[in-house]
Structure formats: C-alpha cells, structure tokens
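Please have the sequence and the 3D view open while reading.

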Amino acid sequence: LSTKMTKNLKVLVSSNDFPESGLEVLKEHFTVLQSRYLHFGEEGVRENKEELLNLIPGCSALLWSSHHPISKELLDKAGPQLKIVSTASAGYNHANVPELKARGIKLSNTPNVLSSAVAEIAVALILGAARRFTENLEQVKSGQWDIGFTKTLGQDIRGSTVGIIGLGGIGQATVKRLSGFEVGKFLYTGHREKPEAKALNAEFTSLDNLLNQSDFVVLAVPLTDETNRMINSTTLGKMKKNAILINVGRGDLVDQDALYDALKNKQIYAAGLDVTTPEPLPKDNKLLTLPNLFVLPHIGSATVRTRSDMAVLAAENIVNALTGKPLLTPVLP
Ligand SMILES: O=C(O)C(=O)CO
C-alpha cells in the first residue's frame, strides 16, 4: 500500500507521552490520534478512559503504552476494522490475548530491545537488596549512620550461586552483566534447555534444585497461568536462609503475603522488586515496612534510548500489519 492509500487509516496511541521517534514512524504513513488515556501533566498521571473510548471507533491500529488491561469494552467500541494491537512492552499479560485471538486481531510486543535495560535493573536490585540499600538509605536520611565494623553487613555476589528463572532475553542479559562479578555458578530453569546457556556457563536444572542451591533467585519469566504466584510459601520454603529474591517480571509471579512473611521472619535474607501488585504499590502497603526489601517503581525499561527503541519497534509493527507485511515481533501473527 502506498502512503497515499494508508494516510486515511487511523492509529490510536494510548497516551500523550509517547516518544517522538515512534510517533514519526506512524505519522509518515497514517493519521495518528493520541489519547490522554494516561495523561501526564503537571497534576501527575491521570487516567481518562472516556477519551480512549471516544477516539477508538474507526481506528485500524491501537498502540498501547502502559500495563493497564485492554478491555473488551474498548475492543467492542473499536469496530471490525481494528487490525492490530501493538503493545510497547515485552510483557503482554495485560493485552487480553483470548479476546484479540477470538476477534482475529493481531498482537505484537517489544521484546529484545529492552533486555539490556531490564537486566541492568536486575543487577541494581541484586546490589540494592544484597547491600541493604533500604536500611542504609534510611540511615543517610536520618543522619544516624551505623558505623560499627559488623553492623549493617550485606551479602557478596562474589562466589555466589545465581539462579535465573527464565533464561530468555532478559535472563541472558542479566547473566552477561553479572559475569564480571565473580559469580561462582549460574543455574537456570525453564521449559527446556537453551542453546545460549552454554556460552553463558549456565547450568540447566529443576526449579526445586535452583531454589535449594541459589543465593540469588532472579525471576525473569512472563506472567502466565503457569507462572502466576510461582513464588509462594511452598517455593519460598525451599530457598536458602541467606537467599535474595529478585523480580523484574511481573508482581503476580510472587504471592506477596507469603513474601512478606518470609522476609519478616527472616526465612530468606532479602528481596529486590521492580514489579509489584498493584502498581503503584500504596505507600501504606505492609511490604514497605520491611527493612530487607528494596523496591523500585517498575523502571526496568525506563531509559531514554530503550523507551525510544520500544516506541519505534511498536510503531513498525503497526506499519507492517497495515501494509500487508509480517509483524517484526508477533505474539498473534
Ligand atoms: O516491557 C515490559 O513488559 C515491562 O514491564 C517493562 O516496561
């Protein structure tokens, strides 16, 4: 299809803060509408579902730039010309796959381009949890530094066993980044052995073995029915007393009540989370009372370059879908 023929196709971008690089790709081919569904202004984040519902009728593509669920109501409003939903994220648990599938709407995501940035945050969480940043930052804020020789001591990465649950793009990038830290052994688990593991010196094992042996357990799997709350009182009970749990996947991979108990009772040493349920985590959530929990507000992919790369890839998937080419990163091709 020539640009002339595609210009009358409408593409809806779900927020008003989408990177210019992605918008440019879309504007070259299509008429771009931007919802302020997630409206970022001086007053902070505002949701405006009405605006999204008002703008979607007649659109051929929807570019989704948040982790909010895509409702059946929105798809109903769109009309039968909606060909593709392109989510600017690697995870697509929010995208209502069964509904899209039933309606024959394509779905794409943005894997790979964010693996490095998310892996950097996995390393940051490992350091933050192992070296007790929550307590230590509190000391800086209060001016009451604990200067004892053996007081607020942390855990070493050097010589440790690091277990990666899900050796996909993010898991592999995490291992690569940690390889300068003199890790003793890398373990990983998942559905099957990964050919990439050999070069990374990572050993395939069962989930139980990984939990039994690892000093650091890193969650880097997508959220599915199978992985929902895979970290719970039973699996936490299999972890070492000095173990540190890291989550860069989705909050629902972890039963947070069970995690609270395990951290409170010092059944495990610490945890570092970039993802929680819900998000934002309310500031009075009991998890935030724990000194041995280090939390970040879902910033895994939040760098200038990575968000731009995600925006361009999400836009290019739409261009392909609406010009009869295969999706670059299909979930539903
Ligand atoms: O891409 C994702 O799925 C993330 O959570 C990071 O933004």
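This is a predicted model: local features need pLDDT of at least 70, side-chain atom pairs count only at pLDDT 80 or more; totals for chains, interfaces and linings use all residues.

Residues are numbered from 1 along each chain as its sequence is written, and side-chain values use heavy atoms, with hydrogens and water left out.

**Ligand site**

- Around the ligand are His67, Ser89, Ala90, Gly91, Leu114, Arg250, His298, Ser301 and Arg307, counting residues with a heavy atom within 4 Å of it.
- From serine 301, a polar side-chain atom is 2.7 Å from a ligand oxygen.
- The protein buries 92% of the 230 Å² that the ligand exposes when taken alone (Shrake-Rupley method, 1.4 Å probe).

**Nonpolar cores**

- The largest nonpolar core has 33 residues, and Val162, Ile244, Ile246 and Val248 touch the most other members; such a core joins buried residues (under 20% relative accessible area, 1.4 Å probe, protein chains only) through side-chain atoms within 4.5 Å.
- Helix H6 (115–130) and strand E11 (244–247) are among the elements that each supply at least two residues of this core, and H6 gives the largest share, eight residues.
- Beyond neighbours within four places in sequence, isoleucine 246 contacts residues including Ala122, Leu125, Val217 and Gly272 (heavy atoms within 4.5 Å).
- Another core, of 28 residues, lies apart and includes Leu210, Leu223, Met239 and Leu273.

Technical notes
A polar contact is a pair of N or O atoms within 3.5 Å; within protein, one must be able to donate a hydrogen and the other to accept it, and residues adjacent in sequence count only if both atoms are side-chain atoms. Buried means under 20% relative accessible area, exposed over 50%, partly exposed in between (1.4 Å probe, protein chains only). Helices (H or I, at least four residues) and strands (E, at least two) are DSSP runs, numbered from the N terminus.
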